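Look over the structure first.

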Amino acid sequence: MPTEESVLNSFLLNSELADNLTLKQFINLFPTAYRKESLIKTLYREFQLERNRIRETIKENIVEECKKPEQWGNLDNAIETLTVAEKRMSREINKMDEDCKRFFEKIENINNELNDVVYGRIPKGGFGQEDDIERLKLLTISCDEELLEFL
């Protein structure tokens, strides 16, 4: 007979929170010109570390909850607890997915802006060298902030 802890681990940490993005899939999210950049592997490691931190937090919460069997009382309470936990986990998973999508959209936008500079697409009003430098500084700061937010 499975224990509450084994049921929760199986239910909450099984397929939905598994690392479902391989390094190759992660690399393919980037434009072809940047797929060989070493920073992509660093980003992937950070992505994996964050997923592992979340999994560890969930495991700790399961252990903590299973130390309190008197809260469950009977099978009905256990099922209700699992249902609530499932809803919470689904919300967290959805939030993580949205955060990842937003992160990759920002990477795409930054890439497009850099491509504009590389291929000489200049705004109608144009910009001088100081404007270029200032925009690149702002872009770098934005990338750093997004990376920190992602981590």
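Helices here are DSSP runs (H or I, at least four residues), numbered from the N terminus. The model is predicted: local features need pLDDT of at least 70, side-chain atom pairs count only at pLDDT 80 or more, and totals for chains, interfaces and linings use all residues. Residues are numbered from 1 along each chain as its sequence is written, and side-chain values use heavy atoms, with hydrogens and water left out.

**Largest pocket**
- α3, α4 (75–118) and α5 (129–150) each supply at least two residues of its lining.
- Phe-30, Leu-39, Leu-43, Ile-107 and Cys-143 are the closest to the pocket centre among 20 lining residues (an atom within 4 Å of a point).

**Helix pair α1 and α3**
- α1 (residues 4–13) packs on α3 (residues 38–66) at about 155°, with the axes (lines fitted to C-alpha atoms over the stretch in contact; angles run from 0 to 180 degrees between N-to-C directions) 10 Å apart.
- α1 is therefore roughly antiparallel to α3 (over 145 degrees).
- The contact (heavy atoms within 4.5 Å) includes Leu-8 and Leu-12 of α1.
- On α3, Ile-58 and Ile-62 are among the contact residues.

Definitions and conventions
Parallel < 35°, antiparallel > 145°, perpendicular 65-115°, else oblique. 1 Å grid on protein atoms, 1.4 Å probe; cavity = no way out; pocket = protein on both sides within 12 Å on 5 of 7 lines; lining within 4 Å.
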